[in-house]
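Below are some notes for a colleague who is going through this model alongside the sequence. They are set out as numbered points, to be read with the structure open.

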Amino acid sequence: MQKARFSNSKSFFGFWAVLCLLGSFALNTAHATNGYFSHGYGIKYKGLAGAGVALRLGPLGPATNPAALAFGKKHYDVSLSFFNPNRQYTVTGNPSLQPGTFGLAPGTVESGSTLFVIPSLAANWSLNDNTAFGISIYGNGGMNTNYDHPTFGFKPTGVDLSQLFIAPTLALKAGAKHSFGLTPILSYQRFEANGLLAFGPFSSAAGKLSNNAHSNSFGFGARLGYLGEWMDFLSVGASYQTKVKMGEFDDYAGLFAGQGDFDIPANWTVGVALGFEQMGLAFDIQQMMYSDIKSVGNPMLPNLQRARLGNDNGAGFGWKDMTVFKGGVYFQTSGGWTWRAGYSFGKQPIPESEVLFNILAPGVIEQHLTVGFSKALRGEKEISFVAMRAFSNSVSGGNPLDFPGQQTIELKMDQWEFGVGFSF
């Protein structure tokens with residue numbers, strides 16, 4: 001069994017140097033697939049459409065299930081993904097222009113900022129025969145839009161949200177076939193909004209509503225996990241991530257409900273994996289509790305009529321909880337090749353009644369199709385690749401701030417992603 005020797009290891013300090021560099025780089029990324037969560041974390045997991053809570057696929061496994069680390073030996077994993085979201089909205093029908101209404105200019109407007117580079121990295125070490133330690137860094141985001149258009153009367157219009165997670169993990173074996181893991185999560189996020197000044201009369205703090213550059217916040221949470229081999233061919237896994245409690249975005253206290261509060265929602269995943277000779281299957285169910293976060297889950301109406309933006313019951317994006325079903329298959333061929341494919345489906349979280357605010361955050365993707373492979377190299381090194389296609393999807397609804405039937409707003413998005421990873 002490989003023992004931990006990282007206290008004086010050059011590779012350990014090299015890993016941390018890369019971690020810090022990519023950590024700062026990651027803050028410029030965006031990743032909106034299942035709501036604003038990624039469809040998977042790590043190139044191998046992404047190749048299975050994010051499935052794998054009952055698998056051990058490398059050092060970034062704790063982002064899915066901390067227990068996956070217990071049986072791993074010293075290993076490092078670095079990956080880079082190129083993410084291409086294409087977002088637009090279309091307004092049909094002229095505004096009524098009646099007093100007290102808030103109509104939009106008709107037409108189709110596409111968002112800029114269509115290519116993002118997303119790094120992630122992780123490492124794990126075995127401390128003794130039954131205990132392993134690891135650390136990983138990865139990101140979330142995705143309510144990024146950039147419309148060069150006065151959508152709400154001022155331009156540019158859009159938001160920029162980035163979230164960075166640093167996740168140390170301790171995993172323990174329980175016998176030869178079971179393990180448990182715990183990951184304290186340290187999180188940093190930043191946010192910027194532009195073009196929302198027209199909502200000033202609805203805000204509790206109009207000076208902290210829009211065009212205040214990036215605002216920052218820090219927070220913490222945790223993920224727990226279990227992984228067990230119940231039969232020779234059957235493994236079962238489960239993990240739960242608590243709500244990540246974040247500090248408020250002070251510069252946007254007049255926008256987000258709770259005086260700028262923007263916690264990261266709790267989520268859970270359960271799944272099974274079936275392993276046969278040189279091939280296997282994985283199936284996961286994941287749920288994200290978006291509705292528990294007031295700034296995300298509060299509806300626009302009637303909240304906009306009863307409370308000011310930024311108050312505890314102020315209007316939000318109206319997102320519902322999202323449940324995603326993920327399935328993947330892998331098989332091995334001669335020459336050290338492993339091939340993967342996956343498909344996931346989850347009903348997007350935006351109701352038809354909430355399309356107006358969600359012009360800023362059109363997270364309407366429902367289906368992902370993925371393919372990927374790994375090639376074993378000399379010295380336990382491995383290179384991996386993944387391609388993801390998120391099929392075009394849309395949601396339409398009326399403008400809730402104009403007369404019923406006067407205007408229809410359609411939100412639309414499709415995505416591509418290509419990623420490459422190297423483990424050693």
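1. Phe-385 has its place in strand β15, and since the model under review is a predicted one, the remarks that follow should be read with that in mind. Phe-385 counts as partly exposed because its relative accessible area is 31%, a value that lies between the 20% under which a residue is called buried and the 50% over which one is called exposed.

2. Phe-385 belongs to a nonpolar patch on the surface, which also takes in Phe-82, Leu-115, Leu-377, Ile-383, Trp-416, Phe-418, Val-420, Phe-422 and Phe-424, and which together has about 850 Å² of accessible area. Strands β15 (382–398) and β16 (408–423) each contribute at least two residues to this patch, and it is β16 that gives the largest share, with four residues.

3. Tyr-290 and Trp-319 form another edge-to-face aromatic pair, with their centres 5.0 Å apart and an angle of 90° between the planes. Here too the pair links distant parts of the chain: Tyr-290 is in the loop between β11 (279–288) and α4 (294–297), whereas Trp-319 is in the loop between α5 (303–306) and β12 (322–333), and the two are 29 residues apart. Tyr-290 and Trp-319 are both buried.

4. Tyr-290 and Trp-319 are also members of a cluster linked by ring pairs, whose other members are Tyr-36, Phe-37, Phe-191, Phe-249, Tyr-252, Phe-256 and Phe-262.

5. A contact between a charge and a ring may be checked as well: the charged end of Arg-56 sits over the ring of Phe-71, at 4.1 Å from the centre of that ring.

6. The C-alpha atom of Gly-100 is separated by 39 Å from that of Ala-390, a residue 290 positions away along the chain.

Notes: Residues numbered from 1 in each chain as written. Predicted model: local features only at pLDDT ≥ 70, side-chain atom pairs only at ≥ 80, totals over all residues. Heavy atoms only, no water. Phe/Tyr/Trp six-rings, centres within 6.5 Å; stacked < 30°, edge-to-face > 60°. Buried < 20%, exposed > 50% of the residue type's maximum accessible area, 1.4 Å probe, protein only. Lys NZ or Arg CZ within 6 Å of the ring centre and 35° of its normal. Patch = residues over 30% accessible without salt bridge, like charges linked within 9 Å, V, L, I, M, F, W, Y side chains within 5 Å. Areas by Shrake-Rupley, 256 points an atom, 1.4 Å probe, with all protein chains shown as cover. Salt bridge = Lys/Arg side-chain N within 4 Å of Asp/Glu carboxyl O.
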